[in-house]
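Here is a short tour of a protein chain, from its overall build down to a few backbone details. Please keep the sequence and the 3D view at hand as you read.

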Amino acid sequence: MSATAAPTSPHVMNTYGRLPIALVRGQGCRVWDVNGKAYLDGLGGIAVNTLGHNHPELVPALQEQLTQLIHTSNYYYVPGQEVLAERLTALSGMTNAFFCCTGLEANEAAIKLARKFGHDKGIERPEIVVYEHAFHGRSLATLSATGNPKIQKGFGPLVEGFIRVPLNDIEALKKATEGNPNVVAVMFETIQGEGGIHPMRWDYLQQVRALCDTNDWLMMIDEIQTGIGRTGKWFAHQWADIVPDVMSLAKGLGSGVPVGAVVAGPKAANIFQPGNHGTTFGGNPLAMRAGIETLRIMEKDGLLQNAADVGAHLKAALQAAFEGVAGVKEVRGQGLMLGIELDRPAGAVLTRACDAGLLLSVTADSVIRLVPPLVLTVAEADEIVALLAPIVKAFLAEPAQ
């Protein structure tokens, strides 16, 4: 690694398998560590830093907000909440929004909405359909909705009320719910992120929308990683020309400032009433300014089109670089949310890429994930390929461990 002395944090809980670098500044799609080494950021803070680092319009706006109000609490109206909610509903075709701080909180609120929806209809034990390989968070409820036994291990008993089905199989969904009067919602990611960059087919999404309408279920889409322009549309489900009843957002919404949201359509808009749900930090003036400015800058600078165009270029370049390479199973994804699946655990690639000055992540053990800032240029996309391709090829040429 670049560090002359590996950073340590002896007083911080040992919850992360960290790489031994400490980043101290950034500009655009590049960051620098404490020793001055530069890295091309192919991870974007895990799909968070929408506008990259030290954006020349976002930073002054946040500095201005810091001199006005950071936090007031939800005992009072926060004008920025209405501004951001109006923008999100206009972009989504939905009705209203609740603001929180994280994706986990947004999904927790969505689960509560679904349960309250069921109880309001007289269903005592509401059940929600979720998916294999899904990831919705690490609270007890969202962990239970998640489809990863590895991260669930050690935290039982899990929360009941979830029915799990495979991806892109409408008959399996119908079979799993047939004759069950307790089903109230279907919850899913349009493209599974932590699960390995697995997309749902657009025709399948349309079939699920129709099934939810027929059965009076809530269609709840987790757009935490795929939303806010990452795939080339504001929300990934828009490629299928559908509108959900509940949508959870976070990650890229504040371009680094913690902002989460639950956006509701007419069927779910009035389920929560005063006292049903709340948050201390969610929707504070600083977070709302970050969300408002992020969306404004994205629209002004055409970042949806940039994500679509540069993402398509990056995907094609990766496919060309790995064509015929034994051990590369598939390059998949959309926009600037791409995965390269290998035929073996790929953890070593993470370390070697970092050594070479490229930040990325590995999900589902064997999928290299790229979710860079949406300001990525074609030249930077080419640089990602130039750095990553030889690392992967050399790794795959070694005997599998």
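## Surface and model

Accessible areas come from the Shrake-Rupley method with a 1.4 Å probe, and for residues only the protein chains shown count as cover. On that basis the protein chain has an accessible surface of about 17,500 Å², and carbon and sulfur atoms account for 55% of it.

A word on the source: this is a predicted model, in which local features need pLDDT of at least 70, side-chain atom pairs count only at pLDDT 80 or more, and totals for chains, interfaces and linings use all residues.

## Overall build

The protein chain holds twelve helices and 17 strands; these are DSSP runs numbered from the N terminus, with helices (H or I) of at least four residues and strands (E) of at least two. Its C-alpha atoms fill a box of roughly 60 × 55 × 45 Å along the principal axes. The radius of gyration, taken over C-alpha atoms, is 21 Å, which agrees with the value near 21 Å for a compact globule of 401 residues. The globule rule here is 2.2 Å times the number of residues to the power 0.38.

Of the 401 residues, 54% are buried, where buried means under 20% relative accessible area, exposed over 50%, and partly exposed in between (1.4 Å probe, protein chains only). Contact means heavy atoms within 4.5 Å; among contacts between residues at least 6 apart in sequence, 73% join residues at least 24 apart.

## Helix H4

Helix H4 covers residues 103–120, 18 residues in total. From first C-alpha to last it reaches 25 Å, close to the 26 Å expected, the expected span being 1.5 Å times one less than the number of residues. Its buried residues include Ala106, Ala110, Leu113 and Phe117. Just after H4, Gly122 takes a positive phi of about 90°.

## Backbone details

Most residues other than glycine have a negative phi, and most peptide bonds are trans. Ile46 is found in helix H1 (residues 44–47) and is partly exposed, at 32% relative accessible area. Ile197 lies in the loop between strands S8 (191–192) and S9 (198–199) and is buried, at 0%.

A cis peptide bond joins Gly156 and Pro157, with omega about 0°. Pro157 sits in the loop between helix H6 (149–152) and strand S6 (162–165).

Methods
Residues numbered from 1 in each chain as written. Heavy atoms only, no water.
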